[in-house]
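Please read it with the structure open beside the text.

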Amino acid sequence: MKLQEADAKSLLVAQGLPVPPWEVAHTAAEARAAAERFLSEGAEKVVIKAQVLIGGRGKAGGVKLAGSPDEAEQVAEAILGMDIKGMTVRKVLVGPAADIVKEFYLAAVLDRAERGILLMGSAEGGVEIEQVAAATPEAIVRLHAHPLLGLQDFGAREMAFAMGLGAHLKAAVAIAKGLVTTMKAYDADLVEINPLAIVRETAADGTIEERLVCLDAKITLDDSALARHPGLEYLRDPDEEAPEDKEAREAGLTFIKLDGTIGCMVNGAGLAMTTMDLVKRAGGEPANFLDIGGGARAEKVAAMRLILADPKVNAILVNIFGGITRGDEVARGLIEARAQQTRDVPMVVRIVGTNAAEAAPLLEEARFETAASLDEAAAKAVGASRRAAAGAVA
Ligand code: GDP
Ligand code: MN
């Protein structure tokens with residue numbers, strides 16, 4: 001689950017990390033009110049940032065500064081409703097604009113190969129880290145947190161020096177440790193600060209000082225660990241979730257979108273992987289898979305519409321291994337799902353295991369194309385997909 005910048009920042013603040021203040025505005029008038037407040041508190045300008053679950057908002061025109069309430073209202077008006085890489089902006093973050101001296105990159109990620117938390121830092125902040133990794137991999141400093149002791153000060157200090165943050169050592173160490181704490185506290189798989197920035201601030205008495213702050217925040221939570229954090233469920237942004245994903249999640253199904261043309265309905269994660277592999281081996285590309293799980297009842301099969309919602313799907317492969325799941329129940333579900341189907345897409349069905357014998361006559365009567373083995377089913381589905389593609393072109 002990806003969090004909006006404002007929500008990610010709340011979690012950072014809760015872990016004691018330095019984040020400039022902000023407000024979230026849903027309308028230009030709200031943005032104006034927030035800007036008025038920050039400007040009256042002494043900010044020279046405010047920053048207005050699109051809240052969408054995608055990076056590169058700055059480049060896309062979704063991050064702008066404003067020097068007056070009027071200008072803030074105009075800027076917010078322009079950003080709200082903007083389309084950024086296919087996402088509509090429905091809210092903006094408003095905060096005092098930072099006077100940036102230098103931008104850095106710092107992130108904690110889950111390193112699955114090392115089974116630990118990896119910190120990655122770079123003095124090349126503000127730009128996308130993938131670009132830095134490709135162009136100048138040596139510009140990225142890496143450090144693993146100790147599995148039991150966490151991030152240790154000496155390591156964090158060494159990293160801060162290597163990143164060119166020697167002048168802000170204490171703050172840099174605290175932030176690096178804070179990212180690891182945040183990651184663990186919420187079972188996140190990514191906590192990314194880009195930019196982590198040295199900003200110039202003028203105190204009330206006129207003295208100027210430099211401070212290290214988290215100017216942007218991106219956090220993704222491990223979906224499989226969300227059950228451990230029921231309090232975080234409210235951070236799910238309903239505006240940003242695709243309708244199919246929402247329906248699947250609410251029905252307790254796993255629905256994964258891929259890039260190909262063959263929709264796959266399976267029961268069980270292992271069977272899903274095997275089905276993907278065999279579709280690919282037969283020369284096809286899966287468009288998605290819907291895992292209806294064990295003990296799949298007819299109404300779960302009706303979630304077939306999730307598969308069909310993708311216009312790229314031009315053939316469907318149903319691969320069910322009946323254990324607890326009863327084949328005849330799945331067959332009935334398929335018949336019902338097809339009756340409700342708004343789009344006619346060829347379907348190849350393979351059902352083995354419990355009550356497969358009872359399923360066979362139902363499928364035959366309903367004139368489903370069936371297959372005895374998975375190899376055969378995959379070959380048939382790939383063939384159907386190719387014919388559909390050729391038919392569409394002709
Ligand atoms: P992203 O493009 O989606 O990653 O959004 P960011 O929050 O990282 O903003 C993009 C860029 O806008 C940053 O790298 C900064 O250069 C700039 N920026 C963001 N906030 C401020 C701010 O408060 N003041 C100034 N001057 N620039 C900012
Ligand atoms: Mn950023």
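A residue is counted here as near a molecule if one of its heavy atoms lies within 4 Å of it. The model is a predicted one, and every value below should be read with that in mind.

## The shell around ligand 1

There are 16 residues around ligand 1, and those that come nearest are Lys49, Arg57, Gly58, Ala98 and Glu103. By class, this shell is made up of seven nonpolar, five polar and four charged residues.

Which side chain places a polar atom 2.5 Å from an oxygen atom of ligand 1? The side chain is that of Lys49. Taken on its own, ligand 1 has 560 Å² of accessible area, of which the protein covers 79%. Strand E2 (46-50), strand E3 (63-66), strand E7 (100-111) and strand E10 (188-202) are the elements that give two or more residues to the shell around ligand 1.

## The largest pocket

Ligand 1 sits in the largest pocket, whose volume is about 1,000 Å³. The lining of this pocket consists of 44 residues, and Gly56, Arg57, Asn194, Pro195 and Asp216 are the closest to its centre.

Two or more residues of the lining come from each of helix H1 (5-14), E2, E3, strand E6 (92-96), E7, helix H4 (129-135), E10 and strand E12 (218-221). Divided by class, the lining of the largest pocket has 24 nonpolar, eight polar and 12 charged residues.

## The second largest pocket

The second largest pocket has a volume of about 800 Å³, and among the 20 residues that line it, Met1, Asp223, Arg236, Glu241 and Asp245 are the closest to its centre. Helix H7 (243-251) and strand E13 (254-257) are the elements that give two or more residues to this lining, with E13 providing the largest share, namely four residues.

How do the residues of this lining divide by class? The lining of the second largest pocket has nine nonpolar, two polar and nine charged residues.

Rolling a probe the size of a water molecule over the atoms shows where empty space is left. A search of the whole structure finds one cavity of 30 Å³ or more, and about 40 Å³ of space lies in the largest cavity.

This cavity is lined by Leu106, Ala156, Met159, Ala160, Met163, Leu165, Ala172 and Ala176. By class, the lining has eight nonpolar residues, with no polar and no charged residues. Helix H5 (153-162) and helix H6 (169-186) are the elements that give two or more residues to the lining, and H5 gives the most, with three residues.

## Backbone points to inspect

Most residues other than glycine have a negative phi, and most peptide bonds are trans. Against that background, the peptide bond from Asn194 to Pro195 is cis, with omega near 10 degrees. Pro195 lies in strand E10, and both Asn194 and Pro195 are among the residues closest to the centre of the largest pocket, the pocket in which ligand 1 sits.

The other point concerns Arg115, a residue other than glycine whose phi is positive, near 50 degrees. Arg115 is found in the loop between E7 and strand E8 (116-122).

Notes
Residues numbered from 1 in each chain as written. Chains lettered and ligands numbered in written order. Predicted model: local features only at pLDDT ≥ 70, side-chain atom pairs only at ≥ 80, totals over all residues. Heavy atoms only, no water. Polar contact = N/O pair within 3.5 Å; in protein donor to acceptor, adjacent residues only side chain to side chain. Areas by Shrake-Rupley, 256 points an atom, 1.4 Å probe, with all protein chains shown as cover. 1 Å grid on protein atoms, 1.4 Å probe; cavity = no way out; pocket = protein on both sides within 12 Å on 5 of 7 lines; lining within 4 Å. Sits in = over half its atoms within 2 Å of the grid points. Nonpolar A, V, L, I, M, F, W, Y, C, P; charged D, E, K, R; others polar. Points joined across faces, edges and corners; volume = space filled by probe spheres on them.
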